[in-house]
Amino acid sequence: MESTAKITVHASGTYDILISKGGLSGLGKAAAERFKPCTVAILSDDKVFPLYGKTVTDSLQSAGFRIVTHVIANGEQSKTLDNVTAFIDSMVKAQVTRTDMVLALGGGVVGDMAGFAAAIYLRGIPYIQVPTTLLAAVDSSVGGKTAVDISAGKNLVGAFHQPALVFLDTETLNTLDPSVMRDGFAEVIKYGIILDSKLFQAVAKPGSFDIKEVIARCIEIKRDVVEQDEFDKGMRGLLNFGHTFGHAIEKLSGFSITHGSAVARGMIIAAKVARVYGFTDYTDVITKVIKDYGFETGCPYSADELYSVILSDKKRSGADITLVLPKEIGASTPEKMPALQVLELMKKAGL
Ligand SMILES: NC(=O)c1ccc[n+]([C@@H]2O[C@H](COP(=O)([O-])OP(=O)(O)OC[C@H]3O[C@@H](n4cnc5c(N)ncnc54)[C@H](O)[C@@H]3O)[C@@H](O)[C@H]2O)c1
């Protein structure tokens, strides 16, 4: 096994993110170095737990932790308040106390739910993230945003609650469905466009880089953003690049277009809008990379259709909308504008 990389986040809690290639069985040791022996309540899903549950459980048990597990059906449809309640019920039954911990073993769905359960159980207990998708590794496991979906929309109920440790073994990504892996690359490309042109160049050709190094760089970028704006009042909004349009595409498709694929198209729309807004035109550069990853690049919806969904987006404040636009590759900026201007720009950009 190669050496483990460590990135430390200083937010409302300070915690380490440990990144290894093949180090999953070292989780117990890493936890024992940081936390007293306690009960660890694992939340996982029915795809991930059969693959990695035993390694995680054995490792924690041999390091002196008591384990209880709760496994949910995989997929976004499981990210509900009812499932959080069921997980909390299982913790009550297992007599999990304030000095115990939650552990998320899985992708962003499990991570968001476990984090939210940890935020509200007994008014908050610590939790560990063990991300097993690329999206969870570079995005959702870091930064403390936790949430569940309700019928009115995705992620509408949640809390800020930073993890106590993030423990990632990049080899767990080897069992991912290729389309799930690709969705994660939409977020990787996003980091490059918003804040790091070198990262963008490094990942421009699929498969030509060391995935552990790329993940570590993305996490560093997210760490820097979270340290400056933990509660999403300013610069954390940069991470929404491609997401304003992406969320609209996702919703209009009835979620048949995946999040990553929608964000990829949303980044192309943002590049087109940036061009008509007066910034340098990076549409071709961005479209090429997204295409090379195998994403669809066209948007099946009109400017009017996208606009109607964008208007109902929870991130809209008042009559203005903030769009993150690429000024340069690696230097995107939030541009606040009247809502109607977004519609005009989209139309001018040919949508
Ligand atoms: N909290 C945040 O800051 C934040 C940021 C971005 C996204 N999110 C949330 O993340 C969620 C999406 O996360 P996701 O894309 O990881 O989805 P996911 O958790 O549903 O995982 C995708 C699929 O991959 C499977 N899987 C996971 N790891 C695997 C592995 N190693 N091998 C084989 N299969 C595996 C899962 O069972 C699932 O079927 C959304 O709910 C989104 O709202 C949160």
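This is a guided tour of the structure above, one selection at a time.

The model is predicted: local features need pLDDT of at least 70, side-chain atom pairs count only at pLDDT 80 or more, and totals for chains, interfaces and linings use all residues. Residue numbers run from 1 along each chain as its sequence is written.

**Whole chain**

A compact globule of 351 residues would have a radius of gyration near 20 Å, and the chain agrees because its own value is 20 Å. That radius is taken over C-alpha atoms, and the globule rule is 2.2 Å times the number of residues to the power 0.38. Colour by secondary structure to find 13 helices and 11 strands. These are DSSP runs numbered from the N terminus, with helices (H or I) of at least four residues and strands (E) of at least two.

Next, colour by burial. A residue is buried if 20 or more other C-beta atoms, placed from the backbone, lie within 10 Å of its own, exposed if 12 or fewer, and partly exposed in between. Of the 351 residues, 48% are buried.

**Two domains**

Select 5–176 as domain 1 and 201–348 as domain 2; these bounds come from an automatic or database domain assignment. The C-alpha centres of domain 1 and domain 2 are 27 Å apart. Their contact (C-beta atoms, placed from the backbone, within 7 Å) takes 20 residues from domain 1 and 15 residues from domain 2. On the domain 1 side, strand S1 (5–10), strand S2 (14–20), H5 and S8 each give two or more residues. By class, that side has 12 nonpolar, 6 polar and 2 charged residues. Here Ala, Val, Leu, Ile, Met, Phe, Trp, Tyr, Cys and Pro count as nonpolar, Asp, Glu, Lys and Arg as charged, and the others, Gly among them, as polar.

**Nonpolar core**

Now show the largest nonpolar core, which has 110 residues. Such a core is a set of buried Ala, Val, Leu, Ile, Met, Phe, Trp, Tyr and Cys residues joined through C-beta atoms within 7 Å. Val102, Leu103, Leu105, Ala117, Met267 and Ala270 touch the most other members. Helix H10 (residues 259–277) gives the most to this core, with 10 residues. The core lies between domain 1 and domain 2, because both give residues to it.

Centre on Leu105. Leaving aside neighbours within four places in sequence, its contacts include Ile42, Val48, Phe49, Tyr52, Val110 and Thr132.

**Ligand shell**

Select the ligand and the 30 residues that surround it; the closest are Lys47, Asn74, Gly107, Gly108 and Ser140. Helix H2 (48–62), helix H4 (108–120), helix H5 (134–140), strand S8 (153–160) and helix H6 (178–195) each give two or more residues to this shell. The shell divides into 9 nonpolar, 12 polar and 9 charged residues.

**Single residues**

Go to Val157 in strand S8. Val157 counts as partly exposed because it has 16 C-beta neighbours inside 10 Å. Not counting residues up to four places away in sequence, Val157 touches Leu81, Ala147, Val148 and Ile150.

Finish with two loop residues. Leu122 is in the loop between H4 and strand S6 (127–131), and its phi is near 55°, a positive value in a residue other than glycine. Phe255 is in the loop between helix H9 (243–252) and H10, with phi near 65°, again positive in a residue other than glycine.

Terms used. Near = placed C-beta within 6 Å. Contact = placed C-beta atoms within 7 Å.
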